[in-house]
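Here are my notes for you, in numbered points. Keep the model open beside you while you read, and look up each residue as it comes along.

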Amino acid sequence: MLKRRVVAIFLLIQKRTAIRIMTGIIFVLILLVGIITFTRPPSQPVQNLVSAQEDTSSDDTSSEEEKYIKWIDFNVPYGALKKAMDLDIKSHQENAEEPYDWIKILAYLASKYGNKFSLYKGKDIDALIGRLDAGESMEQITEKMQYYGHYVECYTAILGGFLGEYSVQVPDGEDRLKWEEKYGLRVFSPLAKNYSFSHFDDFGNGRSYGYKRKHLGHDLMASVGVPIIAVETGIIEEMGWNQYGGWRVGIRSLDGRRYYYYAHMRQKHPYHLERKVGDQVMAGDVIGYLGRTGYSTKEGANNVTQYHLHLGLEIIFHPSQKDGYNQIWVDLYAITKLLQENRSQTLKDEETKDYNRVYSFRIEDQPTWTLPSAISKIE
């Protein structure tokens, strides 16, 4: 019995000694690794990182590509758009010393709600206007709102060309027309006046033709042949057949930020005969006619089930976004409702069978975006 205890004690001492030795060896190894790490030159991966940073700093294009906005979750409801717009228009029409800016009002709300517009209440705009009328500036009110500037930039890209000064022809009461200068909504409904249509919020719904994808536009259901209207003044950038959109037109706003995509135009005589790539069209001009073409590689195929206009709005902060991986398409349901306040009246030309606007329209202060030279013909 005594012998067994002596053996057990001996083995225990050996085990503890081995543990101490191993611990000492591990400590020494860690110490050596630390010394080597802090005394040797940087490893190859670190050198590659430094080189990449140096290359980026000397390449303006790469630097810009890293900074541009790559996504916008635009969910401003119609009620907020309408209320903010009316305040902006009224303050300008009354020549207020400090007119309201609807984009800044909406950016304030987005910041206040954390972009959760399900929290929207009209009284929040009333409270903001009360503070502005009391003498506070928007800068003072929003100075602690971290993302206010971001929302201003996003909403300016989406809505920047919508309100402003413009001139339009109106009847003078004596069967003649006269030019009248106004401030207000200078964009139009995508379908002509006196034509009914239906729509619902279908942005993001599934589509399966070609491949499974999300619907990145807004559908307006109406009768075949309804005149399609240019929402905003811009340059025709694309025109022709696309297997998904059928006969379609793409128009870029004059500041280059907004690309309007009109798809599924009529099978025969899809476009206004005077339209071609590179032309400037005014907001309210007729650009084509509603149909159901598309979903085929064969030009002119009527493979879409229902007659409708697919209207898309892409926001472009950097040239690479136009057809790249960081495309930004926004939900147009609320905006389409807002545009119903301005519908272009049209009249048919019996000789050409084209429809033309009745009242001319012009804008003096918009910048001109130059169509890239590579885009020079119908696709």
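Is F117 buried or exposed? Its relative accessible area is 6%, so F117 is buried (buried means under 20% relative accessible area, exposed over 50% and partly exposed in between, with a 1.4 Å probe and protein chains only).

1. Before the rest, a word on what you're looking at. This is a predicted model, in which local features need pLDDT of at least 70 and side-chain atom pairs count only at pLDDT 80 or more, while totals for chains, interfaces and linings use all residues. Residues are numbered from 1 along each chain as its sequence is written, and side-chain values use heavy atoms, with hydrogens and water left out.

2. Now the rings. There are ten aromatic pairs in the structure. Rings of Phe, Tyr and Trp (its six-membered ring) pair if their centres lie within 6.5 Å; planes under 30 degrees apart count as stacked, over 60 as edge-to-face and the rest as tilted. Y113 and F117 make an edge-to-face pair, at 5.7 Å centre to centre and with 80° between the planes. Y113 counts as buried too, at 7% relative accessibility.

3. Have a look at Y166 and F361 next. Their ring centres are 5.2 Å apart and their planes are at 35°, so this pair is tilted. The pair links distant parts of the chain, since Y166 is in strand β1 (residues 163-171) and F361 is in strand β16 (residues 361-362), 195 residues apart. For naming, helices (H or I, at least four residues) and strands (E, at least two) are DSSP runs, numbered from the N terminus. Both Y166 and F361 are buried. Elsewhere, ring pairs tie F74, Y151 and Y155 into a cluster.

4. Two arginines are worth a click. The charged end of R362 sits over the ring of W179, 3.8 Å from its centre. R357 has its charged end over the ring of F188, at 5.4 Å from the centre. The rule here is that NZ of Lys or CZ of Arg is within 6 Å of the ring centre and within 35 degrees of the ring normal.

5. On to the sheet. Three strands make an open sheet in the order β2-β1-β16, with antiparallel pairing. β2 and β16 stand at the edges with a single partner strand each, so one side of each has no neighbour in the sheet. Two strands pair if DSSP finds at least two bridges between them. β1 and β2 have nine bridges, in the antiparallel sense, whereas two bridges join β1 to β16.

6. Seven of the nine residues of β1 are buried, so β1 is largely enclosed by the rest of the structure.

7. You can trace the partners across the sheet. S167 stands opposite E181 in β2 and opposite R362 in β16. V168 stands opposite E180 in β2, and its bridge partner in β16 is F361. As you go along, remember that in a regular strand the side chains alternate between the two faces of the sheet.

8. Of its 21 lining residues, the closest to its centre are Y166, F188, E341, N342 and R343. α4 (78-93) gives the largest share of the lining, five residues. By class, this lining has nine nonpolar, five polar and seven charged residues. (Ala, Val, Leu, Ile, Met, Phe, Trp, Tyr, Cys and Pro count as nonpolar, Asp, Glu, Lys and Arg as charged, and the others, Gly among them, as polar.)

9. How many cavities of 30 Å³ or more does a search of the whole structure find? The search finds one. The largest cavity has a volume of about 40 Å³, and its lining is F162, V231, Y260, L311, L332, I335, T336 and L339. Helix α9 (residues 333-339) supplies the largest share, three residues. The lining splits into seven nonpolar, one polar and no charged residues.

10. Last, the terms for those spaces. On a 1 Å grid over the protein atoms alone, a cavity is a set of points where a 1.4 Å probe fits but cannot get out, and a pocket is an open set with protein on both sides within 12 Å along at least five of seven lines; lining residues have an atom within 4 Å of a point. Grid points are joined across faces, edges and corners, and a volume is the space filled by probe spheres set on the points.
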